Each structure stands twice: as C-alpha cells, then as structure tokens.
Amino acid sequence: MYAFEYQRPKSVADAVAALAKSGGKALAGGQSLVGAMKLRLANPGTIVDLSGIAELRGIKKEGDAIVIGALTTHAEVASSSVVKQSIPALAAVAEGIGDRQVRNRGTLGGSIANNDPAADYPAAVLALGATVHTNKRKIIADDFFKGMYETALAADEIITAVSFPVPKKAAYMKFPQPASRFALVGVFVAQTGGGTRVAVTGAAPHVHRASTIEAALSKSFTADAAKAVKIPADHLNNDIHGSAAYRAHLVSVMASRAVAAAG
Amino acid sequence: MSVSLSLTVNDEAVNAQVDARTLLVDFIRNNLALTGTHVGCDTGQCGACTVLVDGNAVKACTILAVQANGSKITTIEGLAKNGELHPMQAAFKDCHGLQCGFCTPGMVLSAIDLVQRHPDADEATIRAELEGNLCRCTGYQNIVKAIAQGAAAMRG
C-alpha cells in the first residue's frame with residue numbers, strides 16, 4: 001500500500017472540507033477501499049476516515065420510509081427489528097453480503113458509493129426507489145448509479161443516509177459466484193408506490209433496471225411472467241465466471257424466484 | 001504519515017506510533033509480537049486473520065490499525081484465562097477441530113462472535129456463519145462439531 005495522509009473529522013462539514021482541500025478519498029468500513037489500496041488499485045493521497053462522525057449512524061422509521069445512516073453496518077441492518085419488520089427483503093440483502101466479518105465492518109454508504117458491478121445493496125436501493133441523501137442534496141436512485149464504479153457523487157460529497165420507502169412486497173435473489181460469493185446475477189423485485197421495479201446486479205457493468213420484466217410483472221405479478229421474459233445478452237458481462245447468454249438466462253430465473261419469494 | 005494509536009489489546013492498554021498505512025494484522029504481529037493471528041490470503045477472503053474488535057469478528061488484514069484506534073481488540077492469545085483454555089479453545093482441542101491448525105485462531109474467534117449472537121446455533125447456522133473462514137485442510141466436520149460443543153460450554 002502506498003503511504004497517505006490520514007484525517008478523522010468529527011462532523012460531516014469537517015469531512016467535506018477535508019475532502020475538498022485534500023482531494024482525498026472518504027473511508028467508511030474499508031471493506032473495498034482498503035483491499036483496493038493494498039493492491040495499489042487505489043492510491044489516495046489522503047484518507048478521510050468517516051468513522052468518528054456519529055450523525056452518520058443509525059436506523060429510524062420516518063413516515064412511510066426507513067432511513068438508514070450511511071455508516072450503518074450490514075450487520076446492523078440485518079439485525080435491525082425496524083428493518084426486519086418493514087422491509088424484510090432489505091434485511092435479507094444485508095445478511096447476504098460477503099461474510100460475517102465483512103458485515104461487521106462494511107457499510108451501506110460505502111457499498112453504494114463504491115458501486116461495485118456485483119454488489120448487492122445497489123440492487124436494493126434501485127429497486128426500492130430509495131433516495132440517497134448527501135451533505136448537499138437528495139438524489140433519487142434512478143439518478144445515482146452512473147456506471148461501473150461510478151455514481152452521481154462529487155469528489156467532495158458524502159452520503160449521509162439512504163431513505164427506503166416501504167414497499168408492498170419485495171424480495172432479492174442472488175446466484176452467487178461460488179468462490180467469491182459476489183452476485184453472478186442478483187435480482188431485487190419490489191412492488192412500490194411507484195409501480196413494480198426490478199433491479200439487476202452482477203449481470204452488466206453496473207446495476208440497472210430490467211424494464212421488460214417490470215412490464216411483464218406489472219401485468220401479472222407471477223413467477224411465470226418473470227421467467228417468460230427473454231433478456232438479450234448484448235451488453236451483459238461475459239467472463240470466465242459466466243457467459244453473457246448464461247447471465248441473461250439467470251436474470252429471468254432470479255427474477256422469477258424473487259417474485260415467488262415476495263409472495 | 002505517522003499516527004498515534006491508543007487501544008486495548010487482550011485487556012492491556014497499548015500506545016504506539018505507526019505509519020497510517022499499517023494494517024491491524026501487521027500491527028498485532030509485528031509491533032505486539034502476537035503471532036497467533038495469521039495471515040492467510042491477505043485479501044479478506046480466508047479469515048485466518050480474524051480478531052474481535054469491540055466484540056465483533058473482523059478480518060485484521062482488511063482494516064487499518066488506525067481504524068481500530070480506541071477499540072478493544074481480542075486476539076487468540078487473549079482467550080485463555082489463568083492458564084485455562086477458553087471453552088471454545090477447549091472444544092476445538094477435544095473435538096480435534098483442526099488439522100494443520102493454520103485457520104484455527106480465526107475459526108475460534110469467529111466461533112465466539114457466532115455464539116454471542118446464536119447461543120443455540122444448530123449445524124446449519126454454524127456452517128452458514130463460517131462463510132468467512134476457510135480451512136484448506138477441509139476439516140470442517142470437526143470444526144462444526146467443536147463449535148457446537150463450545151457453544152454448549154459457553155452457555156454453561
């Protein structure tokens with residue numbers, strides 16, 4: 001790992017100022033960033049450690065939404081009675097990320113800011129029509145995920161919380177790559193106030209909505225309807241873990257399993 | 001950049017100056033000479049470096065030492081008290097829950113984290129919770145048996 005300057009601010013305002021001044025990177029749980037720095041894939045000159053900012057933690061119900069602080073760990077989301085009661089599918093997503101040790105450190109904000117093409121949380125955020133709160137604005141999920149490891153965040157912008165509207169029904173199904181346990185394909189299906197939303201992770205360079213499956217499920221919210229949709233393999237990932245055609249097939253299958261699980 | 005650390009390791013206060021890029025596992029092994037915490041894959045997969053940070057199992061190869069500043073760390077060396085093995089260590093010994101032993105410190109610490117949350121864990125839960133700990137000898141059978149026995153002993 002290359003050397004870096006280290007700062008641990010106590011407030012969001014101080015963290016934003018530190019990022020703006022240094023051009024550095026924000027560190028949440030570090031389950032992706034520390035690994036990337038060890039491999040010298042990331043080489044930030046300054047690390048701004050967010051762990052001292054208490055206001056970034058916590059889970060609360062606000063009206064018809066669950067608001068989760070950006071530094072809340074996967075383990076905390078998975079075991080939260082508020083989340084389990086209102087959006088059990090979201091608790092299940094958190095429980096399925098990585099392994100126990102990763103869930104003890106990894107955070108919601110860190111996961112979506114990183115926007116790994118095979119990460120689980122982006123699918124939940126997109127399918128549930130969540131809103132990402134930052135220090136300067138609120139970004140709807142449809143505008144947040146921009147590309148492979150790319151988001152709408154500015155370099156000195158920090159996610160403070162994510163607000164998840166409580167859906168009528170929702171479920172996530174993941175087909176894990178057997179060694180890494182990352183999603184070869186993961187599909188989150190939700191019946192929301194804004195209609196049926198289906199988000200796919202792992203299959204393409206970044207999380208995206210499966211509009212043809214959404215259309216089919218809007219007519220008939222059944223596992224068969226999802227399974228009958230043929231997903232084109234163009235633009236899907238094609239690598240040693242699975243061909244694009246295989247992933248395309250898995251999208252429909254995982255969507256149908258998610259519909260069945262959503263009930 | 002040098003940073004000051006002040007933390008508790010195995011119930012002892014530790015103060016040190018380290019380079020900010022020092023990983024927790026390297027701090028534990030090199031600065032504190034506690035070599036029971038192993039480095040296996042060094043990429044956050046195998047769990048041989050698992051320690052408890054404020055009671056939670058964490059992979060010490062994927063956290064900076066400075067991120068653990070102010071925390072209470074427990075390594076494998078901190079489990080035995082007054083020469084008596086921790087019940088989970090005793091169970092691993094009784095059940096021969098190890099072959100080469102390289103993964104064992106991480107397994108034992110993950111097991112303790114697991115039992116704190118699932119005191120009555122069944123076999124399926126134990127296997128699922130061990131996802132982050134790999135045994136390259138593939139000796140899982142006795143590891144799972146040891147954790148069930150250790151859990152019973154920890155319940156008292």
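How many bridges join strand S6 (residues 131–134) of chain A to strand S7 (residues 138–140) of chain A? Select both strands: 3 bridges join them, and they run antiparallel. Strands here are DSSP runs (E, at least two residues) and helices are DSSP runs (H or I, at least four residues), numbered from the N terminus; two strands pair if DSSP finds at least two bridges between them.

This is a predicted model, in which local features need pLDDT of at least 70 and side-chain atom pairs pLDDT 80 or more, while totals for chains, interfaces and linings use all residues. Residues are numbered from 1 along each chain as its sequence is written, chains are lettered from A and ligands numbered from 1 in the order written, and side-chain values use heavy atoms, without hydrogens and water.

Now select Phe144(A) and Phe145(A). Their rings form an edge-to-face aromatic pair, 5.0 Å centre to centre with 90° between the planes (pairing requires centres within 6.5 Å; planes under 30 degrees apart are stacked, over 60 edge-to-face, the rest tilted). Both residues are buried (under 20% relative accessible area; exposed is over 50%, partly exposed in between; 1.4 Å probe, protein chains only).

Finally, move to helix H3 (residues 104–117) of chain B. Of its 14 residues, 12 are buried, including Met107(B), Leu109(B) and Ile112(B).

Technical notes
Rings of Phe, Tyr and Trp (its six-membered ring) pair if their centres lie within 6.5 Å; planes under 30 degrees apart count as stacked, over 60 as edge-to-face and the rest as tilted.
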